[in-house]
Amino acid sequence: MGVPEKLAERMSMAEQHEYLRARFSRRTMIRGGAVTLGAVAGGAFVPGATAQAAVPARHTAPAAAPADGAHVAPFGRHLAWGNDPRTEITVSWQVPVAVRKPFIRVGAHPWDLSRKIEAEVRTLYTPAGVGASGDHTQYYLHARLTHLRPGRTYYYGVGHQGFDPAEPHLLGTVGTFTTAPAHKAPFTFTAFGDEGVGYHGLANNSLLLGQNPAFHLHAGDIAYADPSGAGKTADTGFDARTWDSFLAQTETVAKQVPWMPAYGNHDMEAWYSPNGYGGEDARWTLPDNGPDRKNLPGVYSFVYGNTAVISLDANDISYEIPANLGISGGTQTTWLEGQLKKFRAAKDVDFIVVFFHHCAYCTSTAHASEGGVRQEWVPLFEKYTVDLVINGHNHQYERTDVIKGGEVAKELPIGGTAYPETDGVVYVTAGAAGRSLYAFSAPDTYEGHEHETDSVASFVNTEDGKVHETVGWSRVRYLNYSFLRVDVSPAPRGRQATLKVSGIAETGDRVDHFTVSRTAK
């Protein structure tokens, strides 16, 4: 009941939403699950120049009179890099009801927030009868800031008519962000997947903040508003309000640390758009340098210091959960190779980190490995000697030896060092951010509790179904809540630059560590 394929090819996402709204009556929408989204263009922050104003919001949801802004506080602030983290960032947030004239204030000091930019409004309407949702409208606001200065900390506050963060009694709502440096410098980033809403996600977020990361990678299955995760309108239990709780939960970190997601199977919310990402388009503003912004909005890249980061959408190549299988028509893989080739040749890029949801190599008894990833992307990772691959999907921590050609090219014990230029690729599953844990078929083995196992029984999801395999590459297995910390250390040309990778448990204990080393350019 979506937009016809040939028609969709000629329509923008907003036009598709308008088509669906015009085609279906409210009664049909409730029965079939069509949901509407309104979006408008946003503004830019240009120090020393006039800000570009936002176009007034155009709502496709039922009209709602704006509330008295003095009684409404913004929540769920989250940051994301633009295409260039040195000069671009987006600040996003929510309000629980419609407000008048939303804006952001930005300045170099908390007492000087004189630059005021109108915000973009994206209204997401979910009618009663879609999953478990009541008749619910969500208001997401976004402000694109550009022409920032590298390596600079900025102060910002978000508000609307009646709620001005520059007022003395609201200065406590002011947040900060820091742009990427202009040159190579040491930094830390963190990563995990499969968070959801609950105590364990909250606990991991608290630990993340203590790592002082420059940014955070979320490897998909973000909020679990759709607990079924098949990417279909027949999925049961969907509740759009879960996102309100999730963004409130993550705000402590995400309001000051750019939160960069890839999309997993639970992030395909089929009621909003033919590709399932209409809701995500309302909530996130991500770099728009990917191959297919219309179908794959979660595919993008950015460079921070000496490290290039690539976000992929494995729903496009997943045999296990095929709702979006083949949606890019191969353009994502072609784009990936172009990005890998470009970054490997770039004079200022030493490391390439790739993250996405479905696992290339994992021995979980739940999802295990995705054959589509091994078929489409692993050969490219090896060809261009990718330094680190981060996945979610399986709710546990697992780390491989160094792999090449599907086999162990080099054993990588805890504390060991990999040299991807000659050895191969290391894969980490960091899917224990907060959702209920899965299981392994072999005993746990992690730092301080090593339990050597020569082979592990597992399976890989293929076009023909599950294929059982016995593997020797599963080096570290930890079945509890955790996340990944990566410390990046550049080096003078010809010396060894390093990624020091650590698995950190929810308790704060380290459960794994290893080093990736590469000759600096």
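**Exercise 1.** Which residues do ring pairs link into a cluster?

*Solution.* Start with the model: it is predicted, local features need pLDDT of at least 70, side-chain atom pairs count only at pLDDT 80 or more, and totals for chains, interfaces and linings use all residues. Residues are numbered from 1 along each chain as its sequence is written, and side-chain values use heavy atoms, with hydrogens and water left out. Now the rule: rings of Phe, Tyr and Trp (its six-membered ring) pair if their centres lie within 6.5 Å; planes under 30 degrees apart are stacked, over 60 edge-to-face, the rest tilted. The cluster holds W81, F187, F189, F215, F302 and Y304.

**Exercise 2.** Classify the ring pair F238 and W271.

*Solution.* By the ring rule there are 21 aromatic pairs. In this one the centres are 4.4 Å apart and the planes stand at 25 degrees, so F238 and W271 are stacked. Next, place the residues. F238 is in the loop between β11 (215-218) and α5 (242-254), and W271 is in the loop between β12 (259-261) and α6 (278-283). Helices (H or I, at least four residues) and strands (E, at least two) are DSSP runs, numbered from the N terminus. The pair therefore ties together parts 33 residues apart in sequence.

**Exercise 3.** Is F238 buried or exposed?

*Solution.* Buried means under 20% relative accessible area, exposed over 50%, partly exposed in between (1.4 Å probe, protein chains only). F238 has 0%, so F238 is buried. W271, at 3%, is buried.

**Exercise 4.** Classify the ring pair Y361 and W473.

*Solution.* The centres are 5.3 Å apart and the planes stand at 75 degrees, so the pair is edge-to-face.
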